[in-house]
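Subject: Structure handover

Hi,

Here is the structure for you to open. My notes follow below it.

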Amino acid sequence: VQLQASGGGLVQAGGSLRLSCVASGNIFSINDMGWYRQAPGKQRELVAGISRGGSTNYADSVKGRFTISRDSAKNTVYLQMNSLKSEDTAVYYCNADISQYPGRYNDFWGQGTQVTVSS
């Protein structure tokens, strides 16, 4: 199983970016999916998560600005980021709870995509 993230880049404060992450390989089903980020010198933190049923949760720092969504048919999770701030600068990682066989789930991570917000 591989998670391929894309969509990062350099953007000015107040701008927008959309991250995508596609899961591929031997996949039976996908449970929760999410985005994490890690800024230099800081611990990795949860940005947003979405369940298989579509329930979402967000870090307080991004509520009202970021929107997570998923296309289960495409094994893809998205993160729409609006009103970006310099403090959103980080490497963003996608994460998914994937079953390759019925009843057995494992955690998988993407390779990370850099988001840099200039002030």
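Ser20 stands opposite Tyr78 in β8. Strands here are DSSP runs of E, at least two residues long, numbered from the N terminus. The model is predicted, so local features need pLDDT of at least 70 and side-chain atom pairs count only at pLDDT 80 or more, while totals for chains, interfaces and linings use all residues. Residues are numbered from 1 along each chain as its sequence is written, and side-chain values use heavy atoms, with hydrogens and water left out.

The sheet

Strands β3 (residues 17-24) and β8 (residues 76-81) run antiparallel and are joined by 6 bridges. Two strands pair if DSSP finds at least two bridges between them. The open sheet has 4 strands, in the order β1-β3-β8-β7, with antiparallel pairing. Its edge strands, β1 (2-6) and β7 (66-71), each pair on one side only. Direction ignored, neighbouring strands of this sheet are turned by 15° against each other on average. The angle is taken between lines fitted to C-alpha atoms; in general such angles run from 0 to 180 degrees between N-to-C directions.

Charges over rings

Arg18 lies over the face of Tyr78, at 4.1 Å from the ring centre. The test is NZ of Lys or CZ of Arg within 6 Å of the ring centre and within 35 degrees of the ring normal.

Tyr36 sits in strand β4 (residues 29-38). Is this residue buried or partly exposed? Tyr36 counts as partly exposed, because its relative accessibility is 24%. The cut-offs are under 20% relative accessible area for buried and over 50% for exposed, with partly exposed in between (1.4 Å probe, protein chains only).

Beyond residues up to four places away in sequence, Tyr36 touches several others, including Arg44, Trp109 and Asn95. Contact means heavy atoms within 4.5 Å.

Asn95 belongs to strand β9 (residues 90-101). Asn95 is buried, because its relative accessible area is 9%. Its side chain makes a polar contact of 3.2 Å with that of Asp107. That term means a pair of N or O atoms within 3.5 Å; within protein, one must be able to donate a hydrogen and the other to accept it, and residues adjacent in sequence count only if both atoms are side-chain atoms. Leaving aside neighbours within four places, the contacts of Asn95 include Leu3, Asp32 and Phe108.

Best wishes
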